[in-house]
Amino acid sequence: MQIPFVDLKKQYHSIKSDIDTAIQRVIEETAFIGGTHVKQFEKAFAELYGVKYCVGCANGTDAIYIILKMLGIGQGDEVITTASSWISTSETIGQTGAKPVFVDIEPDFYTIDANKIEEKITSRTKAIIPVHLYGQVADLEALAKICEKHNLYLIEDCAQSHFSQLSGRNAGTWGIAGTLSFYPGKNLGAYGDAGAIITNDEKFAEKCRMYANHGALIKHQHYIEGINSRLDGLQAAILNAKLPHVLQWTDQRIANAAIYTELLKGIPNISLPAQRQGSRHTWHLYVIRAEKRNELATWLKERGIETAVHYPTPLPFMAPYEYQRAAREDFPIAAAYQQEILSLPMYPELSKDQMQYVADAIAAFYRQ
Ligand SMILES: *Cc1c(COP(=O)(O)O)cnc(C)c1O
């Protein structure tokens, strides 16, 4: 059996005619930049997500950058974020001129440890960016309290957590704004780069929209210097075709995670992912911790099973942050997990037989 890490082809074939028609229409209408498909997606996504405004942009990285810039964050400021994420979360802070200040992760949930935030807050701190890593929401209730107490902006990186919830409230709606990535492999994926900002603040949405479009809301009326970060018409049309399926795909991920957990729970050499109380985890990734992780990954590969590591190096230990001189003792959990985490194949179309095959191969590895 061959089990790829993600299988975007299977999903395409399940809705092929809708996708093909959508692409054809954009070309026929030459609605490449802006236009009806982008507007339609922004409206439909905001409605489905339960948020007032959705501003499309070029990718999930720009979404974070645009928010930081429009909050006036820059040189001399500090922004607190997690030690464990994709580099977009911290590089955008650096790009504004501000300094990313890292906080270790919680041992059970892999998200920023709210108990270790306050010791890092200074007079320069302006915002906190939690990442709902793997689809698991960060401790939003604690984070919202800290932000309120210290007068900080809460910006949620929801690139991996479309429709994740805590206490029935969607991720991305707890602070000033949230960011989404529609990178092809994300829970809602385009066929290229795409992203969005979500917010309930009308003025802020307008500011972000303006900045992402060269500082203009109307052609040739530039109020500020902006950037070119627009949601592409083709990508918007593809996202429109996929949107009616996303909740069902999310349910399928949740069901698959439960099946994995059932199949894997008897294996003593691995730790299975936990889920925060009162949350809805949307399982962008199913990440286990495994003894002899690298050997296990090789064993699985030899049996046709693709795995990945998210992420091999915690952010504070990466080259761009060498100047911060982080020690492993400063981020003990992220540092320890670096050698143990392993992401198993996870997507809505994954079958029970495939998961059984993965579980059997993992069990066989530890029986040798
Ligand atoms: C994918 C991702 C991003 C960036 O999204 P792009 O659309 O690829 O720019 C940001 N943060 C996290 C946590 C991500 O996983």
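Begin by colouring the protein chain by its domain assignment, which gives domain 1 (8–103 + 110–244) and domain 2 (246–367); these bounds come from an automatic or database domain assignment. The model is predicted, so local features need pLDDT of at least 70 and side-chain atom pairs count only at pLDDT 80 or more, whereas totals for chains, interfaces and linings use all residues. Residues are numbered from 1 along each chain as its sequence is written, and side-chain values use heavy atoms, with hydrogens and water left out.

Next select the contact (heavy atoms within 4.5 Å), to which domain 1 contributes 41 residues and domain 2 contributes 35 residues. Between them the two domains bury about 3,300 Å², 57% of it on carbon and sulfur atoms; buried area is the accessible area (1.4 Å probe) that two parts lose on being put together, summed over both.

Now show Tyr-110, Tyr-134 and Asn-187, which supply 23% of the area that domain 1 buries against domain 2, more than any other three residues. A search for polar contacts (N or O atoms within 3.5 Å; within protein, one must be able to donate a hydrogen and the other to accept it, and residues adjacent in sequence count only if both atoms are side-chain atoms) gives 23 residue pairs between the domains, both residues at pLDDT 80 or more. On the side of domain 1 that touches domain 2, helix 1 (8–14), helix 5 (88–95), strand 3 (99–103) and strand 6 (165–166) each supply at least two residues. Strand 3 gives the most to that side, with 4 residues. Helices (H or I, at least four residues) and strands (E, at least two) are DSSP runs, numbered from the N terminus.

**His-310**

Select His-310 in the loop between helix 10 (293–302) and helix 11 (332–337). His-310 counts as buried because its relative accessibility is 13%, buried meaning under 20% relative accessible area, exposed over 50% and partly exposed in between (1.4 Å probe, protein chains only). Beyond its neighbours within four places in sequence, His-310 is in contact with Phe-5, Tyr-134, Leu-285, Ile-341 and Ser-343. Its side chain makes a polar contact with the side chain of Ser-343 at 2.7 Å.

**Strand 1**

Finally, select strand 1 (residues 53–57), where 4 of the 5 residues are buried. Strand 1 runs antiparallel to strand 9 (residues 195–199), and 5 bridges join the two. Tyr-53 stands opposite Thr-199 in strand 9.

Definitions and conventions:
Two strands pair if DSSP finds at least two bridges between them.
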